[in-house]
Amino acid sequence: MNVGNDPLDELSRPIYYAASLAFREFIPPWSRREQLTWLNLPQAFLYVIPYFFLAYLVRRQGTQLMRLLLLPTVVAMALRCTFRYKNEDPRMAWYEWIRGLLALFVIAKSVDFAFAKEGRLKSGEKELRRSHEPPTARHVGSERAAELLGRNPAARFLPRGVFDALEVGLTMRGIGWDFGNYTPVPQITRSSERRTFVRATVRSIIFNQLLVDIIDTVTKSLPGITATGGTIFLRNLPPLQRYALSTAIHIGHGLLIFAGVALTYDYLSLIGVLVFNQSPAVWPPIHGNLFRARSLHDFWAKAWHQSFRHTFLTMGGFVGGWLAGNVGMVFGCFLASGLFHEFGLMVAGKKFDPRVLVFFLLQAVGIALEKAFKSLTGRKVGGPLGFVWTAIFVLGFGQICTESWFSRGIGGAISYPPFMSVVRLGLLPLIRFAVRHSQSLLF
């Protein structure tokens, strides 16, 4: 008996083919992407236009249906604009990575904006106003909130809708907003007096800039580390020296990211305080103290920066919490964090590496074990043993992640522009000159 073709199979083939074509239109293979240049750079970020319109809508009443309808456009444009272009110079992988992270950040924020039923309110606001409606007392819940609304001079020369869109669209931690109420704020270490704050920030910029410069210069001088690959484990060294060096490289790479985030934040805070006349109080520290972390929870929730906290909650934490409570939220956030970092590297043309996910999920396992320890003993993980516990997960297991990034060329890519490097342009030539001069005197 002849068996005819399965109708479902005949139907699924064109659907699969069409879906594949659509996928490749938004995320084309590396060979089909256009070279990113200064001329087409604006096109690579065109998705910010509908994104900021979505940000405007989330600050107005009765706009959720519009936001939900606009969401697919923002997501599609973010993917299309980001994956349409490439930079084939492997030395630029850091900047391509950041371009990918920015796109995914915008997608996550857009999802949050679209599904925020009542929109996004600032602390102290009672309700949002409708389009073209002037602010009144019923929109602002306190004199303090009203003062903050009018303090920024940009709010006086920009149209109100533009200012609202920029304000909510650019915020990351959500401090002062309804979605940032659960974000821990590190202990204030700088004075709120303007001149003192500016001086402390400038000192921090100098320190962090020099630290990034030194780490970047030293890392690129190590054998085998290039923009196309490398390893933190030098096989020709004995095990003790090999893992001591890999640990030092891992710590240096972590400090480079830590200082780089702080450096960017310090520059932005100076612009906010000096150009836009903001209060230093609206720029609390971006990091806590790494060396005071006595548990994995302390490290990731208090010591490390929280810039993408709400992004990870949106991408996986809330779903994980819905499925498995607090533990599910922790695993969802760290899974989202691993995928977030890998997405950025895919934009740079790097292949997916599951080792990064392994590292981030191990952090979730460690925090889950800390919760289990507390429920069994009634005591939190802490003290010297807590510090060792944290070091095992961050400094030990963390080398899995750093090795993955270095093997794909991140260690050798440009993270600090060479023409700005005081170490390369000034300090190293001075050291070479001193060495040669001393040798000539001795011999």
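Is Glu25 buried, partly exposed or exposed, and what is its relative accessibility? Glu25 counts as partly exposed, at 40% relative accessibility. The close-up views below come from a predicted model.

**View 1. Salt bridge between Arg80 and Glu25.** The closest N and O atoms of Arg80 and Glu25 are 3.4 Å apart. Arg80 is partly exposed, its relative accessible area being 26%. Glu25 is also partly exposed, at 40%.

**View 2. Salt bridge between Arg160 and Asp164 within helix 8.** An N to O distance of 3.2 Å describes the meeting of the Arg160 and Asp164 side chains. Both residues lie in helix 8 (residues 160–170), 4 residues apart, about one turn of the helix. An α-helix has 3.6 residues a turn, so residues three or four places apart point the same way. Arg160 is partly exposed, with 26% relative accessible area, whereas Asp164 is buried, with 2%.

**View 3. Salt bridge between Arg355 and Asp353.** The side chains of Arg355 and Asp353 meet at 2.8 Å, N to O. Arg355 has a relative accessible area of 31% and is therefore partly exposed. Asp353 has a relative accessibility of 10% and counts as buried, because buried means under 20%. Elsewhere, salt bridges with shared partners join Arg60, Arg160 and Asp164 into one network. The structure holds 17 salt bridges.

**View 4. Asn277 in the loop between helix 10 and helix 11.** Asn277 is not a glycine, yet its phi is positive, about 60°. The loop that contains Asn277 runs between helix 10 (239–275) and helix 11 (296–303). With a relative accessible area of 39%, Asn277 is partly exposed, because that class covers values between the 20% and 50% limits.

**View 5. Buried residues of helix 11 and what covers them.** Helix 11 has Leu296, Phe299, Trp300, Ala301 and Ala303 as its buried residues. The elements that cover these residues include helix 10, helix 12 (309–347), helix 13 (354–377) and helix 14 (383–396).

Methods. Residues are numbered from 1 along each chain as its sequence is written. This is a predicted model: local features need pLDDT of at least 70, side-chain atom pairs count only at pLDDT 80 or more; totals for chains, interfaces and linings use all residues. Side-chain values use heavy atoms; hydrogens and water are left out. Helices (H or I, at least four residues) and strands (E, at least two) are DSSP runs, numbered from the N terminus. Buried means under 20% relative accessible area, exposed over 50%, partly exposed in between (1.4 Å probe, protein chains only). Contact means heavy atoms within 4.5 Å. A salt bridge is a side-chain nitrogen of Lys or Arg within 4 Å of a carboxyl oxygen of Asp or Glu.
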